[in-house]
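Subject: Structure handover

Hello,

Here is the structure I promised to pass on. My notes follow below it.

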Amino acid sequence: MDVRGPVRFLWWLARELRGRVALGATFASLWYLSLAAMPWLLAQAIDHGLRPRRTGALLEWATLVLIVGVANAGFGISRHRAMTKLRQGAALRTADLVMTHATRLGAALPAGSPPVRSSRSASPTCGPSAAP
C-alpha cells in the first residue's frame with residue numbers, strides 16, 4: 001500500500017485491481033470502436049444498396065448494421081458492469097484501509113475531530129415531514 005500521496009494511492013489501487021481495469025478498458029475500447037463503425041456502415045449501406053437500388057446488397061449491409069448494433073449494446077452493458085465492479089472494488093478496498101488505519105490508531109485518533117458530512121445526506125426538503 002502506498003499512501004504517500006493521492007496519485008501514488010490511486011496508482012497502487014489500479015495495480016491492485018489491474019484485472020478489472022484491463023477488462024473495463026477492453027470493453028470500453030470495443031464499445032467505442034463499435035460506436036465509431038456505425039456511421040460508416042450506414043454510409044456503406046446507402047452507397048452500395050440504397051442508391052443503386054440493389055436489394056441484396058442493401059440487406060447485407062443492413063444485416064451488418066444490425067450485428068454491430070447488437071454487439072454495441074453487449075459491449076456497452078459489459079463495459080458498464082466491469083466499471084461498476086471496478087468502482088465498487090476500489091471503494092470497498094479504500095474503506096477497508098481507512099477502517100484498518102482507524103483501528104490501528106485507536107485512542108490516538110482525536111476525539112474532537114469534526115464530523116465528516118456525507119454528500120448523500122438528506123436535504124431538509126427530501127426527508128420526512130416535520131409537521132404533525
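What percentage of the 132 residues in the chain is buried? Buried residues make up 19% of them. Buried means under 20% relative accessible area, exposed means over 50%, and partly exposed lies in between (1.4 Å probe, protein chains only).

Some ground rules. This is a predicted model, where local features need pLDDT of at least 70 and side-chain atom pairs count only at pLDDT 80 or more, while totals for chains, interfaces and linings use all residues. Residues are numbered from 1 along each chain as its sequence is written, and side-chain values use heavy atoms, with hydrogens and water left out.

Overall layout. The chain has three helices and zero strands. Its pattern along the sequence is α-α-α. Helices (H or I, at least four residues) and strands (E, at least two) are DSSP runs, numbered from the N terminus. Take the contacts in the chain with a separation of 6 or more: residues 24 or more positions apart account for 67% of these. Contact means heavy atoms within 4.5 Å.

Helix α1. This helix spans residues 6-16, and its buried residues are Phe9, Trp12 and Leu13. Seen down the axis of α1, they fall within an arc of 100 degrees, so they line one face of the helix. The arc is that of the directions from the helix axis to the C-beta atoms. Val7, Leu10 and Trp11 are exposed on the other side of α1. The buried residues of α1 pack against α3 (55-105).

α1 with α3. Their axes come within 11 Å and cross at roughly 120 degrees. That makes α1 oblique to α3. Axes are lines fitted to C-alpha atoms, for helices over the stretch in contact, and angles run from 0 to 180 degrees between N-to-C directions. Angles under 35 degrees count as roughly parallel, over 145 as roughly antiparallel, 65 to 115 as roughly perpendicular and the rest as oblique. The crossing is right-handed. Phe9, Trp12, Leu13 and Glu16 of α1 meet Ala90, Arg93, Thr94 and Leu97 of α3 in this contact.

α2 with α3. Helix α2 covers residues 18-50, and its axis comes within 8 Å of that of α3, crossing at roughly 160 degrees. That makes α2 roughly antiparallel to α3. This crossing is left-handed. A crossing is left-handed if the near helix is turned anticlockwise from the far one by less than a right angle, and right-handed if clockwise.

Best wishes
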